[in-house]
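Here is a short walk through some charged and aromatic contacts. Have the structure open as you read.

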Amino acid sequence: GQVELVEFRAQKDDVIVNIPLRDLNSRIPKLPHVLFAMVNRNEEMIIPSGDYSILPGDKVYICGEVLSITNFFRFIGRNALKIRSAMVLGGGKITYYLARMILPIGIHMTIFEVNPAKARSLSEQFPKADVILGDGTDQDLLEEQGLAQMDAYISLSSRDEENLMTGMYASRRGVPKVIAKNTRTTYTDLLNQLGLDSIISPQTITCSNILRYVRAREHSEGTEIERLYRLAEGKAEAIEFVARKGDAYIGIPLKNLTMHPGTLVAVIVHQGKVIVPFGNDRIEDGDHVVIISRESGLGDLNEVIYR
């Protein structure tokens, strides 16, 4: 919970575009310090070097301390929206757990569910939410319930087509934040082309957890894998390892070590302190190390960093 990896799409008005990354701090002195870990440009995953410039339309992955990430988006003017109201399509399990999380922090929810029993159950369990028994794909009904005034629209029905169509409609009606659930990987590119960048894929989340377990078992004698996330439809991965005493990289400056091709040490957490590393930083026993990789299959930190 101390580190965030966030994906966003660069826009032409962002102050960071068309500037070599090595020059960002000198040309934008107050820019919060984050690591530009990876860029998805035209479906190609790139670990950017210092002379790389971000262009409008790039999908950029930044990594860093939670507060630094928040300050970064506030600095570039992309974090102004405070979510106070959310409209949700579908009353399934994800909606149930989402309501448990966001209602207590003051976000008002309007939930559409066509099944009377589910709608009644949600209404009884979450009296502070507005649970509407009706078809959430009906545009007239959405408008009656104030879609255009919502801060967020989240489509979580069991049908990808409904999630896609209602998400597109909400986006065109000017809802600032639209999130759609998608279970079909064949739809991912289409969703991105239509501007729906915030996609929730239960399959991807499940796959990441299974892969973490499998690789940990395969490398049971190696470094412990804490977390594994697949990025950009599986084109890259973010892996959190726990460094182990006695490994060859321990205590050696990163600049004196060799990195596996296509990998990057994004973050080191040392005794609770988050470090976005430079060449003189070292990995010590017990540190949590976040690795970004353009290939899959890595299961041991010794495969990534070696002498």
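Which residue forms a salt bridge with E7? That would be K59, with the closest N and O atoms 3.7 Å apart. This is a predicted model, where local features need pLDDT of at least 70, side-chain atom pairs count only at pLDDT 80 or more, and totals for chains, interfaces and linings use all residues. Residues are numbered from 1 along each chain as its sequence is written, and side-chain values use heavy atoms, leaving out hydrogens and water.

Back to that pair. A salt bridge here is a side-chain nitrogen of Lys or Arg within 4 Å of a carboxyl oxygen of Asp or Glu, and by this rule the count comes to nine. Helices (H or I, at least four residues) and strands (E, at least two) are DSSP runs, numbered from the N terminus. K59 counts as buried at 8% relative accessibility, while E7 is partly exposed at 37%. The cut-offs: buried is under 20% relative accessible area, exposed over 50%, and partly exposed in between (1.4 Å probe, protein chains only).

Among the salt bridges are these:

| Pair | N to O distance |
|---|---|
| E7 and K59 | 3.7 Å |
| E143 and R173 | 2.6 Å |
| R227 and E226 | 3.9 Å |

E143, in helix α5, and R173, in the loop between α6 (160–172) and β9 (177–181), are 30 residues apart. E143 is partly exposed at 27%, and R173 is partly exposed too, at 35%. As for R227 and E226, salt bridges that share partners join these two and E240 into one network.

Now the rings. The structure holds six aromatic pairs, meaning rings of Phe, Tyr and Trp (its six-membered ring) with centres within 6.5 Å; planes under 30 degrees apart are stacked, over 60 edge-to-face, and the rest tilted. F8 and F73 make an edge-to-face pair, because their centres are 5.2 Å apart and their planes lie at 85 degrees. F8 belongs to strand β1 (residues 3–9) and F73 to helix α2 (residues 66–75), 65 residues apart in the chain. Both F8 and F73 are buried. Ring pairs also link F8, F36, F72 and F73 into a cluster.

Finally, helix α5 (residues 139–144) also contains D140, which is exposed with a relative accessible area of 57%.
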